[in-house]
Amino acid sequence: MQPKYLYINTIGCQMNVYDSEKIAVVLQPLGYELTRNVDTADLIIVNTCSIRAKAEQKAFSFLGRMAKLKRKRPKVIIGMGGCVAQQEGRKIMERMPFVDLVFGTHVIGRLPEMVTRIEQKKCHLVDVKMYPGIDEFDFTDTAGAYGGVCRFVTIMQGCDNYCTYCVVPYVRGRETSRKPEFILSEIRELIDGGVREVTLLGQNVNSYGQKEGLCSFPGLLEKVNALEGLERMRFTTSHPKDLSEDLMLAFRDLDKLCRHIHLPVQSGANTVLKRMNRKYTREVYLGKIEKLRQVCPDIAITSDFIAGFPGETETEFSETLDLIKTVEYDSLFAFVYSDRPNAPAVHFGDKISETEKKARLQVLLDLQEQLTLKKNRSMVGSIQAVLVEGLSRKQPGHSESDIQSIIQWSGRTEGNKIVNFDWADDRETAAPEIEAGHLVDVRIKRALSHSLWGELVRTKTATADLKGGKYYAA
Ligand code: 5AD
Ligand code: SF4
C-alpha cells in the first residue's frame with residue numbers, strides 16, 4: 001500500500017491530545033502515516049476545542065489557511081473533528097464548503113469508513129451523532145507511534161455537572177466511564193512501549209464508575225499503582241464538590257501518585273459560585289484544601305479561574321483574590337469569561353466589558369506570578385525527584401560557549417514543575433548517562449517564575465522511598 005500522510009492539528013485540552021492519538025490509530029490501517037508537514041499531507045484534520053471563543057476562532061482561522069491549500073491541491077481531504085465540529089455540525093460546510101468531513105466527539109471509531117467513502121466517492125460527510133458508551137480501540141501501536149515518557153489516558157468522557165458557563169455537557173455528552181480492564185490494558189501497552197508516567201483524564205474523575213457501578217476512582221488508582229514499570233501517575237480534573245476523603249488518602253498511600261492536585265475553583269465568591277452552579281461554597285472548598293494538606297502536607301495545588309463572570313462585582317472579584325492569597329496555589333490557569341453556545345450564562349445580565357475582564361485577569365495573573373515565584377524560591381536548596389523527559393532548551397544565564405559543554409536535561413517534579421538541570425561542572429567525574437524516563441534526584445539551585453533550574457545529585461531517586469517526602473532540605 002502506498003503511504004499516505006495524515007496531518008493533525010490538535011487544539012485544546014489533554015482530552016483532545018488523546019483523541020488525536022486515537023484518530024491516528026484508527027486511520028493507520030488505511031495506510032495513513034503521521035506527518036508534521038501540512039503541505040505534503042493527503043488528509044488534514046483539525047481536532048477542535050470549543051471551551052472558549054478564542055479556541056473556536058483558532059480552529060476557523062486554521063481552516064481558512066487550509067482553503068488556500070485546497071485550491072492548490074484539490075485532492076487533499078480536509079476534516080474537522082472535536083467539540084466545535086460537534087457544536088456546529090453541518091453549518092461548518094455551509095460556511096467553509098472546501099471542508100470534506102465533519103465528525104463529532106463520539107464517532108472517531110467510524111472515521112475509517114467515512115474517510116474511505118470520501119476517498120472513493122469524493123463526497124462530503126457529516127456525522128455528529130452522540131452514542132452512549134465509549135468506543136474501545138486497540139492501542140497496541142500508539143506507544144511506538146507517539147513515543148514519549150508521559151502520556152494521557154482518558155478514563156471517562158462527558159460531564160453531568162452543567163456549570164452555567166460551560167459548553168462541555170453539550171459537546172461531549174453525558175458522563176460515561178471506561179471499564180477498568182480496558183484502561184489497565186492500555187496503560188500496560190504504554191508501559192511496554194517505554195511510557196513511565198500516565199495522567200488519567202476525565203471532566204470529573206471523582207465520579208468515575210459511579211453510574212456504571214464500576215470500581216471507585218481511588219480503587220482504579222490503586223489498580224494503576226500496582227502496574228509494574230510505571231513510575232508515576234497523575235489525574236485531572238477533580239470537581240471540588242466530589243473530592244472524597246478516600247481520594248485524599250490516596251495521596252498518602254499510593255507511592256506512584258504524584259502529590260499534585262488540580263482543583264478548579266473558578267471564583268472565591270459564594271454568590272458567583274452559586275450563579276455558576278458549582279455546588280460548593282468557598283468555605284467547603286477551603287475546608288477540603290485544609291484536609292488535603294493535613295493528609296499530604298507538601299501537596300502541590302493548582303486551579304482554574306474565570307475572570308469577569310456575568311455580574312461579577314469588584315467585591316466578588318476581590319474575594320477571588322483573597323482566596324488565591326489564602327490557598328497560595330503553586331500555579332493556576334485563568335481565563336476571561338466568554339459566552340458559549342447553549343451554556344445558560346449566555347442569557348445572564350450584567351455582562352462585564354472586555355476591557356474590564358482583561359484588567360481583572362491581569363490583576364489575578366500578576367498576583368499568582370508573585371505567589372508562584374515565592375513557592376519556587378522556597379524549593380531552592382531542596383532535592384526533588386524529577387522524571388526526565390528529554391534534553392532541555394538553552395537556559396538563561398549560560399553563554400553559547402558554555403552551552404556546548406553542558407548537557408542539560410529537562411523533566412518535572414511531582415508537583416508538575418518543570419526543572420532544567422545539568423551535571424555540576426565542578427565535578428571531576430564524567431556526566432552520567434541519563435535518558436528520558438529515568439527518575440533522578442536534582443538539587444534546585446535557582447527559581448524562575450515558570451520553571452526551576454538545578455543540578456543532578458544522583459541518577460536513582462532516593463526521595464521516591466520517602467512517603468510524603470516530596471522534597472527535603474539537602
Ligand atoms: N469562559 C471562560 N472560561 C471558561 N472555562 C470553561 N468555560 C469557560 C467560559 N465560558 C474554563 C474554566 C474551566 C477551564 C477548563 O476552562 O476555568 O475549568
Ligand atoms: Fe464544564 Fe462544570 Fe463539567 Fe467542568 S464540571 S466540564 S466546568 S460543566
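This is a predicted model: local features need pLDDT of at least 70, side-chain atom pairs count only at pLDDT 80 or more; totals for chains, interfaces and linings use all residues.

A: Let's begin with helix 10 and helix 12 (residues 282-295), whose axes come within 9 Å and cross at roughly 30°. Angles under 35 degrees count as roughly parallel, and that makes helix 10 roughly parallel to helix 12. As for handedness, helix 10 passes helix 12 in a right-handed crossing.

Now zoom in on the residues that touch. Helix 10 brings Glu 245, Met 248, Leu 249, Phe 251 and Arg 252 to the contact, and helix 12 brings Lys 288, Lys 291, Leu 292 and Val 295. Sorted by class, this contact of helix 10 with helix 12 has five nonpolar and four charged residues, with no polar ones.

Helix 10 also leads us to another neighbour. The buried residues of helix 9 pack against helix 10 (245-253), and also against helix 8 (180-192), strand 10 (197-201) and strand 11 (232-236). How many residues of helix 9 (residues 217-225) are buried? Seven of its nine residues are, so helix 9 is mostly covered. They are Phe 217, Pro 218, Gly 219, Leu 220, Leu 221, Val 224 and Asn 225.

Some of these names come back when we turn to the nonpolar core. The largest nonpolar core has 54 residues, and Phe 217, Leu 221 and Val 224 are among those that touch the most other members, along with Val 198, Leu 200, Phe 235 and Tyr 329. Take Tyr 329 as an example: leaving out residues up to four places away in sequence, Tyr 329 touches Val 265, Tyr 285, Ile 301, Thr 302, Ser 303, Phe 305, Leu 323, Ile 324, Gln 368, Leu 371 and Lys 375.

Let's compare our starting pair with two others. The axes of helix 13 (residues 314-327) and helix 14 (residues 354-378) come within 10 Å and cross at roughly 15°. Helix 13 and helix 14 are therefore roughly parallel to each other, and their crossing is right-handed. On the helix 13 side, the contact is made by Glu 314, Phe 317, Thr 320, Leu 321, Ile 324 and Lys 325; on the helix 14 side, by Glu 356, Arg 360, Val 363, Leu 364, Leu 367, Gln 368 and Leu 371. By class, that gives seven nonpolar, two polar and four charged residues. Look back at Tyr 329 for a moment: Ile 324, Gln 368 and Leu 371 are among the residues that Tyr 329 touches.

The other pair is helix 1 (residues 14-27) and helix 5 (residues 111-121), with axes that come within 9 Å and cross at roughly 60°. Helix 1 and helix 5 are therefore oblique to each other. Helix 1 passes helix 5 in a right-handed crossing. Here Ile 23, Val 26 and Leu 27 of helix 1 meet Leu 111, Pro 112 and Val 115 of helix 5, a contact with six nonpolar residues and no polar or charged ones.

One last stop is Arg 275, which sits in helix 11 (residues 270-276). Arg 275 counts as partly exposed because its relative accessibility is 26%. Beyond its neighbours within four places in sequence, Arg 275 is in contact with Thr 164, Phe 309, Pro 310, Gly 311, Glu 312, Glu 316 and Phe 348. Arg 275 and Glu 312 are 37 residues apart in sequence, with 9.8 Å from C-alpha to C-alpha.

How values were computed. Residues are numbered from 1 along each chain as its sequence is written. Chains are lettered from A and ligands numbered from 1 in the order in which they are written. Side-chain values use heavy atoms; hydrogens and water are left out. Axes are lines fitted to C-alpha atoms, for helices over the stretch in contact, and angles run from 0 to 180 degrees between N-to-C directions. Helices (H or I, at least four residues) and strands (E, at least two) are DSSP runs, numbered from the N terminus. Angles under 35 degrees count as roughly parallel, over 145 as roughly antiparallel, 65 to 115 as roughly perpendicular and the rest as oblique. A crossing is left-handed if the near helix is turned anticlockwise from the far one by less than a right angle, and right-handed if clockwise. Contact means heavy atoms within 4.5 Å. Ala, Val, Leu, Ile, Met, Phe, Trp, Tyr, Cys and Pro count as nonpolar, Asp, Glu, Lys and Arg as charged, and the others, Gly among them, as polar. A nonpolar core is a set of buried Ala, Val, Leu, Ile, Met, Phe, Trp, Tyr and Cys residues joined through side-chain atoms within 4.5 Å. Buried means under 20% relative accessible area, exposed over 50%, partly exposed in between (1.4 Å probe, protein chains only).
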